[in-house]
Amino acid sequence: QHAELEGDEQAALKTLGLNYAFVLDAGERQAFLRGLLVTFELCVLTVPCSLAAGVASYLWERFGERRPVLIVAEPRQADCLTRSAIEGRPAVATGSVDSVMAGLACGETSTLAWRFLEPSVDVFLTLEDEEAVDAMRRLAEGSARDVPVVSGESGAAGAAALVQLARSGTAKAQAGRDASSTVLLISTEGATAPSVYAELMG
């Protein structure tokens with residue numbers, strides 16, 4: 001838990017993820033997001049170690065033991081966090097780390113970030129590139145109840161992880177949530193590479 005880190009390590013971790021945690025802190029000052037943060041039960045992250053650690057730190061400080069369930073997803077070929085969870089220590093990815101989700105393609109888990117992520121993350125998921133692309137298209141199309149969202153390959157991975165979670169009985173059981181749960185998805189990019197986005201969208 002948060003208290004397991006020594007004071008100097010907590011300070012270092014906060015520095016590591018300060019800018020990322022600030023995204024949530026600033027958003028909470030907005031009325032609509034403030035209400036969401038009080039009630040959401042599940043936070044899905046598809047992010048590098050430092051961002052995941054920053055958000056996890058924020059959630060611990062903001063909610064303590066009542067923090068939302070935290071899910072982290074990464075490309076299957078850049079599975080360093082999932083491998084770390086299996087091995088019980090910071091690990092390296094088993095794949096090529098070459099993914100369409102370039103912003104998430106980390107080959108090695110940060111030792112400092114892992115000290116905090118290990119007791120904080122409830123579910124680890126890996127994603128195929130095709131799942132991220134499908135999520136990009138689904139977000140761009142919108143629906144009767146959702147406005148279209150332009151999200152890049154790495155940004156849409158959170159939505160892909162949520163779809164995978166809904167379809168996986170094992171992962172859903174680990175998360176302890178169901179269709180009635182309120183979920184916060186964090187998309188970290190739009191169409192940052194317009195030509196790539198257009199090609200993937202067909």
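The model is predicted: local features need pLDDT of at least 70, side-chain atom pairs count only at pLDDT 80 or more, and totals for chains, interfaces and linings use all residues. Residues are numbered from 1 along each chain as its sequence is written, and side-chain values use heavy atoms, leaving out hydrogens and water.

**Rings**

The structure holds one aromatic pair. Tryptophan 114 and phenylalanine 124 have ring centres 5.9 Å apart and planes at 40 degrees, so the pair is tilted. Rings of Phe, Tyr and Trp (its six-membered ring) pair if their centres lie within 6.5 Å; planes under 30 degrees apart count as stacked, over 60 as edge-to-face and the rest as tilted. The partners are ten residues apart, tryptophan 114 in helix H5 and phenylalanine 124 in strand E3. Helices (H or I, at least four residues) and strands (E, at least two) are DSSP runs, numbered from the N terminus.

Arginine 62 lies over the face of phenylalanine 63, 4.8 Å from the ring centre. The criterion is NZ of Lys or CZ of Arg within 6 Å of the ring centre and within 35 degrees of the ring normal.

**Two buried residues**

Buried means under 20% relative accessible area, exposed over 50%, partly exposed in between (1.4 Å probe, protein chains only).

| Residue | Relative accessible area |
|---|---|
| Tryptophan 114 | 3% |
| Serine 84 | 0% |

Serine 84 is found in helix H4 (residues 80-87). A polar atom of the serine 84 side chain lies 2.9 Å from the backbone nitrogen of alanine 91. Serine 84 also touches Trp114, as well as Arg89, Pro90, Ala91 and Thr109, not counting residues up to four places away in sequence. Contact means heavy atoms within 4.5 Å.

Helix H6 (residues 129-141) has 13 residues and reaches 19 Å from its first C-alpha to its last, close to the 18 Å expected at 1.5 Å a residue. That expected span is 1.5 Å times one less than the number of residues. Asp129, Ala132, Val133, Ala135 and Met136 are buried in H6. They cover an arc of only 160 degrees around the axis, which puts them on the same side of H6. The arc is taken from the directions from the helix axis to the C-beta atoms. Exposed Glu130, Arg138 and Glu141 sit on the face turned away from the buried side. Cover for the buried residues of H6 includes E3, H7 and H9. Glycine 142 follows H6, with a positive phi near 65 degrees.

In H7, the buried residues are Ala157, Gly158, Ala159, Ala160, Ala161, Gln164 and Leu165. They pack against E1, E2, E3, H6, H8 and E4.

Definitions and conventions. Polar contact = N/O pair within 3.5 Å; in protein donor to acceptor, adjacent residues only side chain to side chain.
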